[in-house]
Amino acid sequence: SVDEYSSRKEWEDACWQKILRSDDLLPLLITSYEQHDLIMRAAVLKELMSGKGPRQISKELFISTQTIGAIKKSMDENNYRSYSCSNL
């Protein structure tokens, strides 16, 4: 219940932690496309942290360099933002 927390942000953080700890909940909440996107973002982060460049990652994972740039920016800012629906 939201009432049990001092702020909505604290409640959202607690909910997210419960989702992460659950083996069954996340697959019920996301589509196969969202699962694919999460996996690809994680793969790009791993490759960036290993020192690979955007062009090499793009070739290996079939992801645009623009997407890789957005993921790199999120890594630098510690916050992912999708630019595919900006200004909507």
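Helices (H or I, at least four residues) and strands (E, at least two) are DSSP runs, numbered from the N terminus. By that reading, the protein chain has 5 helices and 0 strands, and its elements, followed from the N terminus, run α-α-α-α-α. This is a predicted model, in which local features need pLDDT of at least 70 and side-chain atom pairs count only at pLDDT 80 or more, while totals for chains, interfaces and linings use all residues. Residues are numbered from 1 along each chain as its sequence is written, and side-chain values use heavy atoms, with hydrogens and water left out.

The chain as a whole exposes about 7,200 Å², of which carbon and sulfur atoms supply 54%; accessible areas come from the Shrake-Rupley method with a 1.4 Å probe, and for residues only the protein chains shown count as cover. Of its 88 residues, 15% count as buried, where buried means under 20% relative accessible area, exposed over 50%, and partly exposed in between (1.4 Å probe, protein chains only).

Leaving aside residues up to four places away in sequence, S58 touches I63, S64, T65 and I68, a contact being heavy atoms within 4.5 Å.

L29, by comparison, has its place in helix α2 (residues 25-29) and counts as exposed, at 51% relative accessibility. Together with L25 and L28, L29 forms a nonpolar patch on the surface with about 310 Å² of accessible area. Patches are made of residues with over 30% relative accessible area and no salt bridge, like charges being joined within 9 Å and nonpolar side chains (Val, Leu, Ile, Met, Phe, Trp, Tyr) within 5 Å.

The structure also holds 6 salt bridges, each a side-chain nitrogen of Lys or Arg within 4 Å of a carboxyl oxygen of Asp or Glu. In one of them D13 pairs with K9, the closest N and O atoms being 2.9 Å apart; because the two are 4 residues apart in helix α1 (residues 8-21), about one helical turn separates them. D13 is partly exposed at 36%, whereas K9 is exposed at 53%.

In another, the side chains of D76 and K72 meet at 3.4 Å, N to O, and these residues, 4 apart in helix α5 (residues 65-77), are likewise separated by about one helical turn. Elsewhere, salt bridges that share partners join K46, E47, K52 and E60 into one network, in which E60 and K52 meet at 2.9 Å, N to O.
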